[in-house]
Each structure stands twice: as structure tokens, then as C-alpha cells.
Amino acid sequence: MNSRGWYNLGTLPTFFLVWFTGLERIKMLVKLLCAVINILISISYITVANSAYGKQPLGSVRFASEVQSAKTSAIYLIRALRDPNKVPQLNGSRYNGGNPTPVPSTEGTSAPGWLCNALPRQAILDVVSVTDVKVNPTDKGIELILVTPNSQKLQVRGTTEGNSYIADIPNAKLQLVSGESFRQQKPAVGIAEVTVVSLDANTLRVTVTGETGAPTVELFDSTQQGLVFGVTAATRQSLQRGEPPQSAASSTAQQPTQTIPKPANSEEQKPIELEVIGTPEASYRVPRTSVGTKTPTDLRDIPGTVQVIPRAVIDDLGARNLSDVVQAYGLTPSFNSSKITDNFTIRGFLGFGNTLRNGLRDEANRSILGTDLSNVERVEILRGPASVLYGQLEAGGVVNIVTKQPLDTPYYALDFGVGSFNYYQPSIDFSGPLTSDKKLLYRLNADFENRDSFTDFSYSRRFQITPVITWRIGDNTTLTVEGEYYTRNTTLGYTLPAEGTILPNPNGNIPLSRFVGEPDDELAERTTYRIGYDFKHRFNDNWSLQNTLHTLFLRADQTAAFISALNPDKRIATRSVQYYRNNIWDNYIMDTNVVGKFNTGSISHQLLLGFDLYRNYIINDDTGNTFYSLAPLDLFNPVYGSDRGSLTSGNRTFNKNDAVGVYAQDQISLTDNLKLVLGGRFDYVDSKAISTNILTNLTTTTYQSDTAFTPRVGIVYQPIKPISLYASYSQSFTQNVGTDINGSAFKPSHGTQYEVGVKADLLSDKLSATLALFDLTKDNVLTPNLQNTRFNIQSGEQRGRGVEFTLTGEVLPGWNVIASYAYLDGRVTEDNRYPVGNRLQNAPEHTASLWTSYFVPKGSLKGWGVGLGLFYVSEKEGDLFNTFQLPSYFLTNAALYYRKDNLDLSLNFKNLFDVEYFESSRGILDNVPGDPFTVELRARWKF
């Protein structure tokens with residue numbers, strides 16, 4: 001405790017000491033005890049469940065949302081069972097005594113309907129359990145084994161579609177302790193991915209995706225284990241973009257398995273073999289995610305707008321920051337530069353702090369930090385209120401960053417980028433097992449980036465290292481521990497006044513490269529340390545538990561000059577300097593939930609029950625947050641070298657924010673095509689703030705507690721399988737800290753949204769489209785009290801209404817596309833200060849984007865590709881008074897690719913026609929210019 005009675009909370013032990021100190025901590029103690037009891041109960045279950053499920057395997061899928069399967073036109077491949085005497089034969093003798101016969105296409109029909117016409121009743125009723133999935137390398141490719149009890153036989157309908165061999169297996173179900181699906185990437189040279197998923201309660205789908213073409217598959221029955229797929233890669237030397245070759249066998253049980261030889265009579269039962277020349281395996285379409293429901297759910301079954309941006313898109317875009325990624329879906333920066341931090345306008349509302357990391361709130365981007373993409377596996381966008389799942393958040397939506405996780409097969413990649421403005425970035429990505437039984441896995445990403453800027457005297461240097469360890473404690477239990485060290489040193493003096501850039505200035509135009517700070521006295525340095533874990537346990541096939549803890553320790557130093565006024569001559573800028581050292585920002589969040597599946601009659605449920613604990617400290621107790629005068633600057637003929645002047649204001653501050661939330665959700669399948677999502681969350685938030693004025697030495701202390709309930713209701717109706725019609729109602733909340741003139745605490749602001757839409761999966765599920773209409777209102781917005789402007793009142797309301805359309809996926813073999821359009825009518829609907837009807841700040845009325853790439857699938861140019869991006873943003877208001885507008889702009893990006901064997905080369909061109917534009921605005925004196933034309937070359941070698 002320091003001289004003012006504040007705690008120095010720089011360490012985790014001190015954090016827990018403070019947590020338990022004093023009677024006012026009793027409430028938080030009780031909440032923490034609930035979490036501890038929950039973990040102890042889970043440990044006791046682990047002891048029992050591991051013994052009961054000791055022989056059940058654990059798959060390599062960390063998130064079911066990672067599973068992707070390709071589908072195109074059907075050419076069927078079918079083979080007779082080895083012992084037809086033990087399994088009822090097909091009606092009409094389709095197996096013809098063991099000689100394979102192609103099956104007519106059943107495209108557009110479901111597997112169960114087809115089987116009702118083809119199989120005798122006892123075959124339909126006999127559902128075989130697949131208890132393990134094993135993948136072993138062979139000299140030609142891989143051997144995929146579906147393990148069944150007593151080697152029970154499975155019947156197969158096979159087809160090659162595009163780059164994939166797809167086999168539907170009726171009368172079979174997965175019983176993997178690891179989850180409801182299996183996925184492994186790059187099991188061998190030429191094989192991009194293997195997935196096994198459940199289509200419905202008694203039908204499996206096996207998908208083997210090749211890198212440059214569909215693999216050739218032979219099927220065999222093993223009397224020792226089950227069904228065996230012998231897979232031969234179409235072209236073993238044409239890796240386009242996947243993981244490097246793997247050699248070790250893998251299994252959902254993670255035990256070494258013996259290669260099963262082909263049966264002696266396999267020649268007599270040789271299947272029809274098909275080989276199809278395909279395209280690179282990197283799909284833009286991801287069909288499942290957890291961000292919209294906290295459970296792995298098909299996008300078509302979520303009553304809301306969700307986009308998933310996989311690593312393939314990030315690489316194709318040549319993205320340098322998160323803004324480069326999300327602009328493909330029409331999101332624009334809300335304030336600050338996209339080079340500095342990650343804040344976006346979503347459905348008209350500022351997304352300040354609305355960033356998740358692996359599904360938990362991440363406060364780092366409230367500071368000037370930004371996301372290093374080298375450790376990012378995918379980015380997910382959830383539009384609209386999300387408080388029902390994640391607690392207090394702004395109304396517009398969230399962006400979830402999913403980091404890379406350990407692989408169970410060796411992977412090594414070296415990456416180097418170089419480009420305009422002295423940009424260079426070396427990085428590594430290593431992963432694989434640490435033990436021979438693959439119980440312990442690791443992943444290590446590290447990179448250094450150096451980048452200057454078109455703004456004079458500006459630069460950015462950053463370094464990141466992120467180790468991850470996964471421990472497979474048992475067949476049904478995993479623990480993943482993830483750490484990160486990140487440091488960044490950059491400059492900030494890049495914002496410019498509107499007069500002379502956007503608006504006329506009698507002195508002419510201010511160069512967009514003008515630096516408004518002091519080159520020798522400008523600093524923005526951030527250092528973060530993260531440590532956390534993700535614990536998962538499956539009690540049985542239907543019930544599972546997850547407990548996750550994330551901690552963040554951020555330290556910040558800053559010296560940043562800014563323009564505080566523009567003289568009447570519009571030439572001389574009055575400047576001030578913000579100065580602080582050792583700003584502390586510590587964050588702790590723990591989430592625990594249980595997911596269970598059960599039926600009530602014919603209605604199926606997926607129930608989610610959970611709670612989370614959150615604590616945040618922001619302490620500026622060293623120098624305090626201070627402001628100094630600085631000599632004026634001639635914006636048209638600048639002379640630098642001025643020292644900081646006198647102290648004008650400053651405060652030493654201590655802020656603590658606590659929250660506990662309890663949430664529940666039920667995903668109800670009333671029928672196969674009618675689904676309901678019901679959810680609700682109760683939050684208790686508590687804040688404490690101590691502020692000491694450095695000039696007067698006056699200290700003020702404020703406390704505030706609030707509660708909030710946020711519901712969500714959604715319904716999805718699918719008249720036919722590819723089409724989903726949905727409607728939803730949801731709310732969000734954020735705490736408003738402070739009091740009115742009477743001393744009454746402000747109420748939280750609530751966001752309320754109504755949304756309807758339609759989703760379509762086109763071209764045999766290769767292309768997905770979403771059309772959404774929404775009405776989103778935020779109430780209890782703080783506005784000035786006109787009788788005493790030193791105080792606020794809660795009479796403000798803002799509204800965003802609009803239409804959004806997105807299209808994602810593969811149009812033709814090798815041709816991927818992302819297209820989006822949004823119309824937004826964002827308005828001030830109630831306010832004491834801003835005119836009602838004014839447009840919302842940084843909220844363009846129209847945004848449209850198109851990103852498309854094409855890779856040559858075969859021939860002498862195979863491995864070459866091109867990309868093209870078009871991005872349009874209409875005019876947007878620079879402030880809520882609507883005194884000026886940022887001009888509309890149209891940007892063009894392009895790319896060239898060469899991806900063959902283990903080498904990936906990308907050449908990206910940004911802002912191809914060197915358009916001058918402004919990303920965002922914080923007011924008439926503070927506008928952020930966008931980057932000019934840049935070129936970047938990136939090379940990746942995988943081995």
C-alpha cells in the first residue's frame with residue numbers, strides 16, 4: 001500500500017490479497033468460492049469419468065467450429081462389404097454379388113430418404129457406434145480407420161466433389177469423448193484435411209480433401225477394428241497452401257495404431273477409382289462457429305449475423321492489422337488510426353473495447369496496442385448486442401480473435417515480409433507433439449515488425465512471442481495453457497485538423513504527411529504479459545464442462561502532442577502534450593460453463609449454463625495522467641525542437657471494476673427445420689474510482705454498483721435445407737459511471753435490437769449468403785444538463801437502422817469471393833446538446849466491398865493466383881454536431897500469388913491508385929488520414 005492508501009497491483013498474488021481484504025469484499029469472496037467449488041466438483045468428476053471412459057479416445061479438434069467440409073456435384077463411389085452374409089444386402093442387388101456399381105446421383109435428397117428406398121428395415125434400425133477415428137500414414141497417402149465395437153460393418157455412399165472425397169455412412173453415429181466431430185489437417189503430403197462429422201442422429205459424413213485434386217479411395221473392412229479407407233493423394237508434389245507433410249500416425253485416442261494390411265481378396269473387390277483435378281484447399285467459407293452461441297453451431301442455425309474469416313483470407317488479403325481483415329466485411333475504424341488500435345464502428349455504434357480473445361472479453365485494445373496477426377487463426381464478427389453471452393459491451397457487436405493452437409503433428413514455418421516505408425517482418429510458427437504418445441503438444445509463434453509511416457518522423461516497432469502448451473490429461477480431459485509477451489513502441493502525432501485537409505484553409509492544403517508532435521519527445525510504448533488456461537472435460541457423450549481463465553498485465557508510457565486549438569489565421573496550431581509513465585492496466589476474467597444435450601419427447605435441447613468473474617484495475621499513480629503546454633506549430637512551415645512547458649492539469653487515478661455474470665441459453669430443435677434460441681443473463685457490476693488533482697491535491701472517491709438483465713430470443717425456420725429464415729430480439733448494456741446534479745447514480749445504457757434475415761447455402765454448400773434487416777437503439781445516453789453544464793443527465797438516445805448483405809465462398813473451382821454491402825441510417829433520436837436527426841459520428845450511410853481471388857487449378861500455371869479488392873465507404877460525419885464530413889473514398893487492392901510445394905509467395909498492392917482519404921475522426925481538430933499506395937512481398941517456407 002502506498003502513501004495514499006492505494007494498492008500496487010502489479011502481481012497476481014497481490015491481486016488475490018486485495019480481493020479478500022475488507023468486509024466489502026465478502027460479496028466477491030462468495031462469488032469466487034462458487035468458482036472454486038465448481039472446479040473442485042469438476043476434478044472429482046474427472047477421477048470418476050476418466051476411469052469410466054478410460055478407453056474412450058480424445059480427438060484432435062479443439063473447436064467444432066473449425067470443421068469444414070467441401071461439397072459439389074456428386075459422382076458416387078461404392079463398394080460391396082467383405083462379408084455380405086453378415087449384413088443384409090441392398091434391395092435390387094445394388095452390390096451385385098460384390099462387384100461395385102455406380103449409384104445414381106441423389107443430389108438434393110437427404111441420406112435417410114435415399115436409404116428408405118434402398119435398405120431393408122433391419123439395416124435402418126441397426127445404428128453402429130464409431131468409437132474412434134484413426135489416421136495412419138502410408139507410402140501412398142493415408143489410412144483412415146473408423147473403429148467400431150466388435151468390428152461391426154458400415155455401409156458407405158461415396159462421391160468425389162471438387163477436391164474432396166465425401167462418404168456418407170447411414171446407420172452410424174459418433175461416440176467420441178473428444179466431441180461430436182473429428183478433424184486433422186495435413187496428415188500426409190497432398191492431403192489437406194480429414195473430417196468426420198455427424199449429419200444427423202444416425203448418419204456420418206467422412207470428407208478427405210486433397211491439396212491439388214480429389215484423392216483416390218479404396219475401402220476395406222478390418223475384422224480387427226472396423227472400416228478402413230485407403231487414401232492416395234491425387235498429386236503428392238502439389239501442396240498449395242496447407243500445413244507441411246506429416247508422418248506420425250494420429251488418432252482420437254492419441255495412441256499409436258498398427259497399420260492394417262489390405263485383405264487378401266481385395267483384388268476381387270476393387271472399387272471404382274476416380275481422380276479429379278481440383279483447386280487449392282483454402283476455403284473462404286467456414287460453416288460453424290462458437291461466437292454466436294458459445295457452443296459449436298452451424299451458421300445457418302444462428303438467428304443473427306455472424307461472419308467467420310479464416311486464416312486463408314487473412315493471408316490472401318496481406319493483412320497488416322485487424323482493420324485490414326474486417327474491411328472485407330464493411331467494418332470501418334471508429335476513431336484512432338487502424339495502424340494503432342482496433343476499434344470499429346459496427347451498425348453505427350462505436351465498438352470501443354468490443355474485442356474478444358478466444359471468446360472472452362479482451363481489454364487490451366482499449367489501450368493503444370493493436371493486434372499482431374501472426375498468432376491469429378481466424379477472426380469472427382458478431383453483429384448486434386452480445387451481452388447475453390459476454391457481459392457489458394457496446395450495442396453494435398463484437399470482433400472475436402481466435403489464436404493458433406497446438407497441432408498433434410510436426411509443423412514448421414518460416415515467414416518473412418518486406419515492403420514500403422521500411423517495412424520488414426520475420427516470423428516463425430512451430431508446432432507438434434512434445435511426447436511420443438502425443439499427450440503433450442506445443443505451439444510457438446514469434447515475430448518482429450519494423451514499419452515506418454508516410455507521416456513524417458513516425459514509426460512502429462513491435463515484438464511478440466506466444467507459447468502454447470496442451471496437455472491431454474486423459475481421454476476426456478484437456479488443459480491448454482497459453483502465454484504471450486508483446487511489446488510495442490510507436491509514435492502518435494499523425495492526426496490533422498479538418499481545415500486545410502478536408503475543409504478549405506486560406507493558407508492552402510496541409511500535407512497529409514505533416515507531424516504535429518515533437519520528433520525528439522514523442523513516445524507511445526506498451527508492454528503486455530498474458531497468461532491463461534482453458535480446461536475442458538467431457539463427463540459423457542452429452543455433458544461437458546469448460547473453465548477458462550485469462551489474465552492481462554499491461555504497462556504503458558506515453559508522451560504525445562496534439563492540437564488543442566487552431567488560431568484565427570488557420571495557420572498556427574496551439575499544442576498540448578499528454579504525459580504519463582508506468583500506467584498499469586491489469587485484467588482478470590474467468591468463465592465457467594456446462595453444456596448438456598438432452599431430449600424432452602421429440603424436442604432436442606442443447607443447454608448452456610455458466611457464470612463469469614471479471615476484475616479490471618487501471619492505475620496511473622506514478623506521474624499521473626498529466627497535460628503540459630507546448631510551443632505553437634506552424635502547420636505550413638513547421639519548426640520542431642520545443643520543450644514541454646508548464647503543467648496545465650493532471651490527476652493521479654485508481655480505478656477498479658468488478659463484475660459477475662450468470663447466464664443460461666437453450667438451443668431448441670422443435671423439428672429438424674424449426675429451431676429456437678432462448679437466452680438470458682444477469683450481471684452485477686461494481687466500480688470504484690479515486691482521483692487526486694495534482695495541482696490542488698484534492699482527492700475524490702466514488703463508488704457505484706449496478707445490475708442488469710439482458711435477454712435474447714431467436715427463431716430459425718428452414719423451409720428447405722439450404723435456406724434459413726430467422727428473426728431475433730436481443731439487448732446489451734454498459735455501465736455509466738457518475739452522478740447527476742442531485743447525486744443520483746446514472747443508470748446503465750441499454751442497446752435493444754430487432755433483426756430479421758435470410759441465409760442461403762448455395763452451390764452445394766460452397767457459397768453462403770446472408771441478408772439482414774436490423775433496428776438497434778441505445779438509450780440512457782449521457783447529455784449535458786442545460787441548467788448546469790458541469791453535470792450530465794440521461795436523456796440521450798441513438799438509433800441505427802439498416803440492411804446488410806454478405807456473400808462468401810467458392811463460385812467456381814479456384815475462384816473464391818467475399819462481397820458485402822451495408823446501408824445504415826444512424827441518427828441521434830433524443831438529446832439535449834446535439835440536434836435530433838443528426839447522423840452518428842464515423843457511421844457511413846453506405847459501405848460496399850469485394851474481395852476475390854483465383855488460383856489456377858491445373859496445367860503449366862498451376863500454383864499461380866491473383867487477387868483483387870474493391871472497397872467503398874460513403875461520406876461520414878466527423879462529429880455529432882454534423883459540422884463537417886469525411887469525404888467518401890474508393891480503394892483498390894490487388895495481389896499476385898505463387899504457392900507450390902512448401903513455398904508460398906504473395907505480392908500485395910494496397911491503395912493501388914494512391915487515393916487520399918481519411919479513415920476516421922474524433923472532431924474538427926483530430927482526423928486520421930489513410931495510408932497511400934504500398935507494396936509488400938511475403939515469403940513462407942514450410943517444412
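These legends walk you through several close-up views of one predicted model. Because the model is predicted, local features need pLDDT of at least 70 and side-chain atom pairs count only at pLDDT 80 or more, while totals for chains, interfaces and linings use all residues. Residues are numbered from 1 along each chain as its sequence is written, and side-chain values use heavy atoms, with hydrogens and water left out.

**View 1. The whole chain, to get your bearings.** Welcome to a chain with seven helices and 51 strands. Both are DSSP runs, numbered from the N terminus: helices are H or I with at least four residues, strands are E with at least two. Of the 943 residues, 60% count as buried (under 20% relative accessible area; exposed is over 50%, partly exposed in between; 1.4 Å probe, protein chains only). Among contacts (heavy atoms within 4.5 Å) between residues at least 6 apart in sequence, 69% join residues at least 24 apart.

**View 2. Two nonpolar cores.** A nonpolar core is a set of buried Ala, Val, Leu, Ile, Met, Phe, Trp, Tyr and Cys residues joined through side-chain atoms within 4.5 Å. The largest one here has 26 residues, and I191 is among those with the most contacts inside it. Not counting residues up to four places away in sequence, I191 touches several residues, including I142, V208, P215 and V231. Another core, of 25 residues, lies apart from the largest one; look for I314, A319, I346 and A895 among its members.

**View 3. R183 and its partner E193.** Find R183 in strand β8, which covers residues 181–188. The side chain of R183 meets that of E193 in a polar contact of 2.5 Å. Such a contact is a pair of N or O atoms within 3.5 Å; within protein, one must be able to donate a hydrogen and the other to accept it, and residues adjacent in sequence count only if both atoms are side-chain atoms. R183 counts as buried because its relative accessibility is 11%.

**View 4. A salt bridge across the sequence.** A salt bridge is a side-chain nitrogen of Lys or Arg within 4 Å of a carboxyl oxygen of Asp or Glu, and the whole structure holds 52 of them. In the one between R940 and D315, the closest N and O atoms are 3.5 Å apart. This pair links distant parts of the chain, 625 residues apart: R940 sits in strand β51 and D315 in helix α5. R940 is buried, at 16% relative accessible area, and D315 counts as buried at 16% too.

View 5. E449 and R462 meet through their side chains at 3.4 Å, N to O. E449 belongs to strand β28 and R462 to strand β29. Their relative accessibilities are 4% for E449 and 5% for R462. Elsewhere, D658 pairs with R615 at 2.5 Å. D658 lies in strand β35 and R615 in strand β34, so this bridge ties together parts 43 residues apart in sequence. Both D658 and R615 are buried.

**View 6. An open sheet of three strands.** Strands of a sheet pair through backbone hydrogen bonds, either parallel or antiparallel. Here the order is β19-β20-β21, with antiparallel pairing; two strands pair if DSSP finds at least two bridges between them. β19 and β21 stand at the edges with a single partner strand each, so one side of each has no neighbour in the sheet. Two bridges join β20 to β21, and T345 has L350 in β21 as its bridge partner.
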